[in-house]
Amino acid sequence: MGTSWTKEILFSETGSSPGSDSWGTPESLFLELDREFNFDLDAAASDENAKVKRYLTKETDSLAQDWARMARCVWLNPPYGRDVGRWIEKAYHESLRGCTVVVLIFARTETQWWQQWAMRAAQI
């Protein structure tokens, strides 16, 4: 990748209000991963920050949707609030159903959700 990873790029808030748990994906990072995986669903997006044509928002309740029926390869940059573990669990279960799920997440290796779900990933 040609872009330097600065604090401003990695931590540019895209939520609708200060303190939001939604953070945008750096474009250069997404493009690099998209070249490898060819994503066809963004599972945690908004109308303003969706990375692919098919995407799910808060209003469509992504956690209740059937990602594996909707897509072959899913991009997930989940909200980083208290429910992040639910998102990682969902990603794991959907991967067992046949779709590839690539997740952008902080390495919180001390947490229960990391130990229970993220450690089952094919790659970290």
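This report covers the strands, the nonpolar cores and the cysteines of a predicted model.

Residues are numbered from 1 along each chain as its sequence is written, and side-chain values use heavy atoms, leaving out hydrogens and water. Local features need pLDDT of at least 70 and side-chain atom pairs count only at pLDDT 80 or more, while totals for chains, interfaces and linings use all residues.

Strands and helices are DSSP runs numbered from the N terminus (helices H or I, at least four residues; strands E, at least two). Two strands pair if DSSP finds at least two bridges between them.

| Strand paired with β2 | Bridges | Sense | Opposite residues |
|---|---|---|---|
| β1 (residues 41–42) | two | parallel | Leucine 41 and valine 74 |
| β3 (residues 100–103) | four | parallel | Tryptophan 75 and valine 102 |

β2, α4 and β3 form a right-handed β-α-β unit. Right-handed means that, with the strands pointing away from the viewer, the path from the first strand over the helix to the second runs clockwise.

Both faces of β2 are covered. Cys73 and Trp75 are buried on one side, Val74 and Leu76 on the other. Buried means under 20% relative accessible area (1.4 Å probe, protein chains only).

The largest nonpolar core has 12 residues, among them Leu41, Val74, Leu76, Trp87 and Cys99. β2 (73–76) and α4 (84–96) each give two or more residues to this core. Such a core joins buried Ala, Val, Leu, Ile, Met, Phe, Trp, Tyr and Cys residues through side-chain atoms within 4.5 Å. A second, separate core of seven residues includes Tyr92 and Trp113.

The whole structure has zero disulfides (cysteine sulfur pairs within 2.5 Å). For cysteine 73, the nearest cysteine sulfur is that of cysteine 99, 7.9 Å away. Cysteine 73 is buried at 1% relative accessibility; cysteine 99 is buried at 3%.

Definitions and conventions. Buried means under 20% relative accessible area, exposed over 50%, partly exposed in between (1.4 Å probe, protein chains only).
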